[in-house]
Amino acid sequence: MEQLFADYLDNTLSPKQKQELETLLTNDAALKKEFEELKSFYEGIPAAKEQEPNANLDLGFYMMLEKEKGAEQKRKEKQQKGALRISWIHSPILKYAAGVVLLLGIFWVGRNTADKNLADLEDLTQIKRDMQQTKELVMLSMLKRESASERIKAVNYSYDLNKPDEEVLKALIKTLNTDPNINVRTAAAEALSHFGDEKIARDALIQTLLTQQEPTLQITVIDILANLGEKRAVKPMQKLLQNTDTDDFVKRKAQESVRMLTM
Amino acid sequence: MTDEAAMQYVALGDLDKAAILYERYKRPLYNFYLRFGLERDSSQDLTQQVFYRLIHYRNTFREGYEFRTWIYRIARNIYHDFLKEHSHNHKDLHENIEVAEEENYDDEQHLLIQKALAKLAPEYQEVLRMSRYDELKYEEIADILNISVSLVKVRVHRGLKQLKEEYLKLN
C-alpha cells in the first residue's frame, strides 16, 4: 500500500496498479479516508519558493574556473612538452640535425685523435651552436603551421633553447600579439616569461596587456609581470582598472598586482 | 547540449563547459540548501563547494552516469560534511536553522511546512524535500541515497503522514 501510494503521488502508477489501489480503497473505508486526506494534504503543500543566489556566488565560481583553467593549461603544456620530446625523435628535421651532429662528431673525433693539440673546446662550441640553430629553425617553421596544437608545441619548444636569438623572441612576440588562438597566445606569453631576463620579452608583455581582450590571457600576463616584479606594468594595470569593459575578476587580479608592485 | 555531454567535456579538460552546468544548477542547489534550513551565506558557500568538487573530481564522472543524480549526491555529501563540522554546536545550529527559515521564507504556510519538516527524522526530510521540491524521481533519490526504490517509496509515505501530524500540531 505504501509503495502504491507513493507511486500515485508521483503519477507513475500503471493501469493495473491503479485498479489494484482502487479495489483496496473500495474495500476499506478507513483506508480510503486516510488516503484522501493525505492526498489532499500533499497537494496543498505550496510549491517551492525559489530564491536567487547573489552575485558573490557567480564571482566566486568564475574566479575559481579561471584558476582551474590556468592549472589545466599548464598541465596540458607539460604533457605536450613531454610528447614533443618523444615525437621530435621521429621528425625528419631532427634526423637531418642528427646527421649533421654525427658528421661533426666524427670530424671532431678524427681531428682529436690525429692532433691532440687542436682546440677541442672550439669544436664542441660549434656543435652546440649548430644544434641551437637547428632547433630555432624548427621552432620558427613550426610556428607557421595551421594546427594550433602544433603551434603550441613550437612555442613550448622554445623552453629548450638556452638563450634564443632575437628572431625567436620576435616570433614569440608576434605569436602573442597576432595568433588567432587564445591557447597559443597564452602559451607564447608563458614562454616569454621564461625569458624574462630579456628586455624585449618584458616590453612585449607590458605592451600586450592593453591590447589583449580575453580575461584568461589578461590574468596570465598580469600574473607574469607581477612575478617578474616589473614595476613598469603598474600604469597599464591601472588603465585596465579604469576601463569599464575590464572583467571584474581581471580588475581584482590587477588590483592585487598593483599593490604588490608598489609595495 | 545535455548535462551529461557537458560534463563529459569537462572531464576531458574543456573546463569552460563547467559554466553551462553552473548556470543550470546554481539556483536549484542554492535552494536545496536553503530548504534544509541553512542561512543564505552558508547555502552559497556550500553551492560553491559543489562546483569546486565538480571540477576537482571531474575524472570520476563516467559515461552512463546521470549528471543530476551525480551532482545531487555531491551536494548531499557536502551538506553532511557541514553538519558534521557543526555537530559540536548542534543546539546553536538548530536555532540558526529556525532563524534562517524565517529569514528565507516570508510565506506563512510555506514556513509552517518547513518547520514541520524540520521536526521529522532526517531520512524522511530528505526524501520529501527531494521528491517534492527538487522534483527528483524516486529512482534518482534511491541512487543518490544509495538505497532501494521501494525504501524511498515507503519513506515518502511514512514521512508524509508524519509531516501532516506535525503540521497540524503547529497550525
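A crossing of two helices is called right-handed if the near helix is turned clockwise from the far one by less than a right angle. In this predicted model, the crossing of α7(B) and α8(B) is right-handed.

**Helices α7 and α8 of chain B**
- The axes of α7(B), residues 122-133, and α8(B) cross at roughly 140 degrees and come within 10 Å.
- From α7(B), Glu126(B), Val127(B), Met130(B) and Ser131(B) meet Tyr138(B), Ile141(B) and Leu145(B) of α8(B).
- This contact of α7(B) with α8(B) comprises 5 nonpolar, 1 polar and 1 charged residues.

**Helices α8 and α9 of chain B**
- Helix α8(B), residues 138-145, packs against helix α9(B), residues 149-170, at an angle of about 105 degrees, and their axes are 8 Å apart.
- This angle makes α8(B) roughly perpendicular to α9(B).
- Tyr138(B), Glu139(B), Ile141(B) and Ala142(B) of α8(B) meet Val149(B), Val152(B) and Lys153(B) of α9(B).
- The contact of α8(B) with α9(B) has 5 nonpolar and 2 charged residues, with no polar ones.

**Contact between chains A and B**
- Chain A contributes 28 residues to the contact, and chain B contributes 34 residues.
- On the side of chain A that touches chain B, the elements giving two or more residues are α1 (2-9), α3 (29-44) and α4 (55-89) of chain A.
- α4(A) gives the most to this side, with 10 residues.
- The residues on this side of chain A divide into 14 nonpolar, 4 polar and 10 charged.

How values were computed:
Residues are numbered from 1 along each chain as its sequence is written. Chains are lettered from A and ligands numbered from 1 in the order in which they are written. This is a predicted model: local features need pLDDT of at least 70, side-chain atom pairs count only at pLDDT 80 or more; totals for chains, interfaces and linings use all residues. Two residues are in contact if their C-beta atoms, placed from the backbone, lie within 7 Å. Helices (H or I, at least four residues) and strands (E, at least two) are DSSP runs, numbered from the N terminus. Ala, Val, Leu, Ile, Met, Phe, Trp, Tyr, Cys and Pro count as nonpolar, Asp, Glu, Lys and Arg as charged, and the others, Gly among them, as polar. Axes are lines fitted to C-alpha atoms, for helices over the stretch in contact, and angles run from 0 to 180 degrees between N-to-C directions. Angles under 35 degrees count as roughly parallel, over 145 as roughly antiparallel, 65 to 115 as roughly perpendicular and the rest as oblique.
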